[in-house]
Amino acid sequence: MLALIALAALLLLPARAVAQAGSVSDTGTVTIHAATLLDGRGGSRRNATVTVRGGRIVAVTTGRAGRASSSRATYELGTLTLLPGLIDTHVHPGWYITSEGRLHRDADADSPATSALAMAGNLYATLMAGVTTIQSVGGSEDLPLRDAVARGVIPGPRILTSLQPLADARLSADSLRALVRLRKTQGADLIKLFASQGLGAGGAQTLSDAQLVAICSEAKSLGLRTVVHAISAASVRAATLAGCSQIEHGMLVGDAELALMAQHGTVFDPQVCLVLDNYLRNSEAWTRSGFTAQSFDALRRARSATPAMFARAVATRGLVIVYGTDAVALAHGHNAEELACRVREGGQRPMDAIRSATSVAAQALGLADRIGALAPGLDADIIAVDGDPSRDVTALGRVRFVMRQGVVYR
Ligand SMILES: [Zn+2]
């Protein structure tokens, strides 16, 4: 199925590109008009037009652009709401379920071509869901995927990748520093590391405090951000004190760790629903992939606890919360479910959920001057949804228009 989607994606690309070329005016200027616009920074506007040229936003105005108020925009989107393309700060585009019904592994029967198509399908599904930038954390397959998207060979979101994460607690501090430098030369955009066990194993801290300092300080000196898998309170505390940039999961954090992250400016990327729901509702595929009854028990326990943890995070003064779904196989394209759930079950304000997936995420990724808002000078990563997500956040699941860097894909 995914391979089929990937194939469809590949076949669609030239048609989309032609449609786009045909709709550009002589000056190369494109206008998009809709009833409502959310700028990604908390601002909103009715009866809005965004003007795009050369892949960038050149103006955001009220009413219709052009001399006559009756002049039609290139894209008349009626009652839809425009907003910046979503930024998902934790995705695994390389994860897919094989034709044998289990998670793809390096040594399985799938050919490289089959794998590549499945991964391209994941990227296509993600882009169609309105996600125009992802941070993949990560695998070696990300490099050709990132470059294929950047060259326009396949449709997908812009990709930042950590390549292979760092996790080996047997390595010395010096070896870990060397590994950070190696990732940089391999082309990584950031460093992903595991400071704790997985959820099912209990989530205890694995890398020592000194090892965490070695990795996060070396990365910082090279200008790379560090994104840390940390489940237990102790591992979150250690990674925060080590100066790492961003904490993933944090399912067992207490109020003290949340306050500590806020104090240190450490970005928090908790997953509340989608990744857990995806495992639970596709239990057959995950059982074939090696999950046990114990795994599902741990997932169910986590699922019942995460909304309360998230509500405490939202209530923590000064804590920067970003939107990372941890989308794995079968979750690609369902990314917006996480935002809806954060609002419904975790009590986040819809506008704050939107900001966490746009301007706040862009800031966390160091890309605030490129993406995350509808403002002049930024890349034309623009989506439109059916409804006003600042009032009904489920509208983010009804994506009707997707433009990335000025190219319309949906
Ligand atoms: Zn993950």
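**Exercise 1.** Which residue in strand 2 does Thr-36 stand opposite?

*Solution.* The model is a predicted one, in which local features need pLDDT of at least 70, side-chain atom pairs count only at pLDDT 80 or more, and totals for chains, interfaces and linings use all residues. Residues are numbered from 1 along each chain as its sequence is written. Helices (H or I, at least four residues) and strands (E, at least two) are DSSP runs, numbered from the N terminus. Two strands pair if DSSP finds at least two bridges between them.

Step 1: strand 1 (residues 29–38) pairs with strand 2 (residues 44–53) over nine bridges, in the antiparallel sense. Step 2: Thr-36 has Arg-46 opposite it in strand 2. Step 3: five residues lie between the strands of this hairpin, where Gly-40 has a positive phi near 90 degrees.

**Exercise 2.** Find the bridge partner of Ala-48 in strand 3, and describe the hairpin of strand 2 and strand 3.

*Solution.* Step 1: six bridges pair strand 2 with strand 3 (residues 56–62) in the antiparallel sense. Step 2: the partner of Ala-48 is Thr-62. Step 3: the hairpin has two residues between its strands, and Gly-54 adopts a positive phi near 60 degrees.

**Exercise 3.** Give the strand order of the open four-stranded sheet, and explain why one side of strand 9 and of strand 12 is left without a neighbour in the sheet.

*Solution.* Step 1: the order is 9-10-11-12, with parallel pairing. Step 2: strand 9 (190–194) and strand 12 (267–269) are at the edges and have a single partner strand each, so one side of each lacks a neighbour in the sheet. Step 3: from one strand to the next, the twist averages 20 degrees; angles run from 0 to 180 degrees between N-to-C directions, with axes being lines fitted to C-alpha atoms, for helices over the stretch in contact.

Step 4: strand 10 (residues 225–230) and strand 11 (residues 246–249) run parallel and are joined by four bridges. His-229 has Glu-248 of strand 11 as its bridge partner. Step 5: across strand 10 and strand 11 lies helix 6 (residues 233–241), at about 165 degrees to strand 10.

**Exercise 4.** Is Met-309 buried or exposed, and which residues does Met-309 contact beyond its sequence neighbours?

*Solution.* Step 1: Met-309 belongs to helix 10 (residues 293–314). Step 2: a residue is buried if 20 or more other C-beta atoms, placed from the backbone, lie within 10 Å of its own, exposed if 12 or fewer, and partly exposed in between. Met-309 is buried because 20 other C-beta atoms are within 10 Å. Step 3: contact means that C-beta atoms, placed from the backbone, lie within 7 Å. Neighbours within four places in sequence aside, Met-309 contacts Met-251, Val-253 and Pro-270.

Methods. Two residues are in contact if their C-beta atoms, placed from the backbone, lie within 7 Å.
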